[in-house]
Structures are given as structure tokens and as C-alpha cells.
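Hi everyone, thanks for making time for this. Let me bring the model up on the screen, and then I'll walk you through a few places worth looking at.

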Amino acid sequence: MKNSKIREIVIPTLSLFLICLVATALLGFTNRITEPRIKQLAAETEQKTKAEVLSTADSFSEAKTLEYDGREYTYYEGTKDGSLAGYVFSTSAKGYGGDISVMVGVDAEGSVTGVSILEISETAGLGMNAKNESFRNQFAGKNSEISVIKNGTPSDNEIQALTGATITSKAMTKAVNTALELYKIAGGENNG
């Protein structure tokens, strides 16, 4: 009687252990095979995004970091024919559905050249409209603190909020404003 109870426990436990062991080994093997390709694709995407937000640059420095407001940020110097073309900053801000991570290009004179969203999880049909080029293009050419308006025509350093997504609009603006502050710290004011 005792032997049958032990078998009822040991055999299923041993079976589950072996299944888990095989599954873990297969996942590890798959990860080892795909990891280099995933890293390569991430690097290619990052390079493409840098070229998109700072199209005047023909090459970029290795990643650099600087601290602002108690956080560390990554940035790149973009050059054209050996001369500074501008900077690309990776920043983020808290949106409605979580952090919104962006890459922002700022030219050598301190004007935003482009904004690309790296990560966003906002409400579909509202906040996700921040991905639209028409919204992101509002930041181009801005060179000092940007604010958000809900109604009316935006002035020089204002953008029109997305309908029904003011929190998302303000988060995007905060992330771009952070990039403009980082430009000042990175020495951009001395290069312009």
C-alpha cells in the first residue's frame, strides 16, 4: 500500500521534472542560436532610427551617457563629413499607458530635426496616434521648451494635442523637452 502511494507521487514528479528539463534545454538552445541575430537586428534598427531623426548626419559616435535630473541618458553625436551635424538623444516620459520611449534628433543649432517612437503602449485609436508622422512632425524645428495646446493654432514652440490623448501628447512633449535640455548639457550651445 505504501509503495503504490510513493509511486503515485514519484512517477508524476519525475515525469514533470524531465519535461521541464527538456523544455528548458530547448529554450536555452533556441536562445543561443537566435541571440546574435536579435542583437544584429536591434543594432540595425537603432542605426536606421538615428539616421531617420538626424538625416543630415552620415555617421554617429558610439553611445555616450550623461546625467540630467537624477537620470542617466544615452546620446550619440552625429557628424557630416567630419563636422558636428547634431545629436540623437534617447529619452522617455510617463504616458497614459506607461512609459513612452523616443529617439530625438537635435541639429547643431539646437532645433529638433525628428522624433521616432521606440516604445509606446497607449490607448488604441487615441494615444497610439502619437506614432502618426503628422503628430511627430509638429516637433520639427522647435528649439526651446515646447508646450501643448488643446485648441487653436499652435505658436512657434507649441504643438497641437492629439484629440482625446492630452496625457500622451504631454508625455511626448516632455520627452522632447528633455532632449532639448540634454542638448544644452552635451555642449550643443557651444557648437552652434
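Let's start at Glu35, which is partly exposed, with a relative accessibility of 35%. Keep in mind that this is a predicted model. The side chain of Glu35 meets that of Lys39 in a salt bridge, with 3.7 Å from N to O. Both residues sit in helix H1, and because they are four residues apart there, about one helical turn separates them. Lys39 itself is exposed, at 55% relative accessible area.

Now follow helix H1 along to Lys50 and Glu46. Here again we have a salt bridge between side chains, this time at 4.0 Å from N to O. The spacing is four residues within H1, so about one helical turn lies between Lys50 and Glu46. So is Lys50 buried or exposed? Lys50 is buried, with a relative accessible area of 4%.

Glu77 is partly exposed at 23% relative accessibility, and Lys64 is partly exposed at 31%. If you're wondering how many salt bridges the whole structure has, the search finds five.

S2 and S3 pair in the antiparallel sense, over five bridges. Tyr68 stands opposite Arg71 in S3. The hairpin has two residues between the strands, and Asp69 there takes a positive phi near 55 degrees, although Asp69 is not a glycine. Asp69 counts as exposed, at 67% relative accessibility.

Where do we find another positive phi near 55 degrees in a residue other than glycine? That one is Asp81, in the loop between S3 and strand S4, which covers residues 83-94. Asp81 is exposed as well, with a relative accessible area of 66%.

Back to helix H1 for a moment, which runs over residues 2-53. There is a nonpolar patch on the surface, formed by Ile6, Ile9, Val10, Leu14, Phe17, Leu18 and Leu21. Together these residues have about 690 Å² of accessible area. Leu21, which lies in H1, counts as partly exposed at 47% relative accessibility.

For a contrast, go to Thr168 in helix H3, residues 166-185. Thr168 is buried, at 2% relative accessible area. Which residues touch it, leaving aside neighbours within four places in sequence? Thr168 is in contact with Tyr96, Ile100, Glu122, Gly127, Ala130 and Leu162.

Finally, let's zoom out. The protein has four helices and eight strands. Its radius of gyration is 24 Å, well over the 16 Å that the globule rule gives for 192 residues, so the protein is more spread out than a compact globule. The C-alpha trace spans about 85 × 45 × 30 Å along its principal axes. Of the 192 residues, 36% count as buried. The protein exposes about 11700 Å², and carbon and sulfur atoms supply 53% of that area.

That's my tour, and I'm happy to go back to any of these spots on the screen.

Notes. Residues are numbered from 1 along each chain as its sequence is written. This is a predicted model: local features need pLDDT of at least 70, side-chain atom pairs count only at pLDDT 80 or more; totals for chains, interfaces and linings use all residues. Side-chain values use heavy atoms; hydrogens and water are left out. Buried means under 20% relative accessible area, exposed over 50%, partly exposed in between (1.4 Å probe, protein chains only). Patches are made of residues with over 30% relative accessible area and no salt bridge: like charges are joined within 9 Å, nonpolar side chains (Val, Leu, Ile, Met, Phe, Trp, Tyr) within 5 Å. Accessible areas come from the Shrake-Rupley method with a 1.4 Å probe; for residues, only the protein chains shown count as cover. Contact means heavy atoms within 4.5 Å. The radius of gyration is taken over C-alpha atoms; the globule rule is 2.2 Å times the number of residues to the power 0.38. Two strands pair if DSSP finds at least two bridges between them.
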